Amino acid sequence: MNPLRKPFQYSFFRAAFALVIINTAVHFLFTFLSVNKNFFGLSVIGFVYGHYFWQLVTYMFVHGDISHLFFNMLALLIFGTAIEKALGSKEFLLMYFVIGVCSGLFSLGMYYAFGKFLMMNGIQPWTFAISLIGASGAIYGLLFAYAVLFPRSIIYIWGLLPVPAPLMVLGYGVIEFVSQFVSSSNVAHMTHLAGFAFAWLYFIARMGVHPIQVWKNAYRR
């Protein structure tokens with residue numbers, strides 16, 4: 001057996017709920033103590049030059065404001081719990097952190113490469129100071145995973161508009177791709193796209209599952 005695909009013994013201990021509690025506790029603790037979030041957020045200055053290697057994990061537990069926290073945790077609770085029940089808590093945790101860490105590394109690499117490009121052209125590399133925070137990369141990976149595990153599931157957008165899970169992923173992918181080039185907000189759209197991409201790779205490399213084939217089979221007449 002391929003060691004990369006060796007399954008865990010199934011267990012369920014509500015890991016998704018625990019992550020929600022930890023993220024919420026961290027947010028309010030940091031707010032109460034006025035902690036400098038840049039020390040735990042992922043940045044080129046911190047990770048590459050400061051050797052704050054813990055940032056690869058801690059950035060997923062730091063959120064900008066209450067709405068950022070709320071929507072990430074709502075998705076984690078709803079989609080994460082369903083995935084955890086289907087795969088088991090250990091597989092769920094592995095998936096969550098692999099996608100989150102890889103999405104962070106990808107974004108860090110992009111910030112570093114663009115910063116170096118700016119330096120070559122005599123421009124101050126502002127991307128080195130960007131601090132990536134939030135679990136969004138991992139959350140988008142979970143949205144993708146949900147669509148693969150439950151391809152015929154219907155998601156009600158805003159509680160009203162019924163959308164098949166795979167179509168939801170496609171829609172979010174298009175929105176994030178376009179937003180990466182036209183949006184002026186502080187949202188890390190490329191990190192969201194990376195979450196989708198690494199979830200895709202996770203299913204292929206770890207589980208031997210090809211998402212497109214799953215979706216084709218689910219909607220084949």
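Visitor: What lines the second largest pocket?

Guide: In this predicted model, the lining is made up of Phe144, Pro164, Pro166, Leu167, Val169, Leu170, Gly173, Phe196, Trp200, Ile212, Trp215 and Tyr219. The largest share, five residues, comes from α7. The pocket's volume is about 220 Å³.

Visitor: How many of the lining residues are nonpolar, polar or charged?

Guide: There are 11 nonpolar residues, one polar and no charged ones. Gly counts as polar, and Gly173 is part of the lining.

Visitor: What sits over the face of Tyr219?

Guide: That's Arg152, at 4.9 Å from the ring centre. The cut-off for the distance is within 6 Å. Arg14 does something like this with Phe17, at 5.2 Å from the ring centre.

Visitor: On to the rings. Why is the pair of Phe39 and Trp54 called tilted?

Guide: The planes of Phe39 and Trp54 are at 50°. Under 30 degrees would be stacked and over 60 edge-to-face, so the rest count as tilted. Their centres are 5.3 Å apart, and the cut-off for a pair is within 6.5 Å.

Visitor: Why is the pair of Phe114 and Trp126 called edge-to-face?

Guide: Here the planes are at 75°, and over 60 degrees counts as edge-to-face. The centres of Phe114 and Trp126 lie 6.0 Å apart. Phe114 is in helix α5, while Trp126 is in the loop between α5 and α6, 12 residues apart.

Visitor: Why does Phe114 count as partly exposed?

Guide: Its relative accessibility is 38%. Buried means under 20% and exposed over 50%, so a value in between is partly exposed.

How values were computed: Residues are numbered from 1 along each chain as its sequence is written. This is a predicted model: local features need pLDDT of at least 70, side-chain atom pairs count only at pLDDT 80 or more; totals for chains, interfaces and linings use all residues. Side-chain values use heavy atoms; hydrogens and water are left out. On a 1 Å grid over the protein atoms alone, a cavity is a set of points where a 1.4 Å probe fits but cannot get out, and a pocket is an open set with protein on both sides within 12 Å along at least five of seven lines; lining residues have an atom within 4 Å of a point. Grid points are joined across faces, edges and corners, and a volume is the space filled by probe spheres set on the points. Helices (H or I, at least four residues) and strands (E, at least two) are DSSP runs, numbered from the N terminus. Buried means under 20% relative accessible area, exposed over 50%, partly exposed in between (1.4 Å probe, protein chains only). A charge sits over a ring if NZ of Lys or CZ of Arg is within 6 Å of the ring centre and within 35 degrees of the ring normal.
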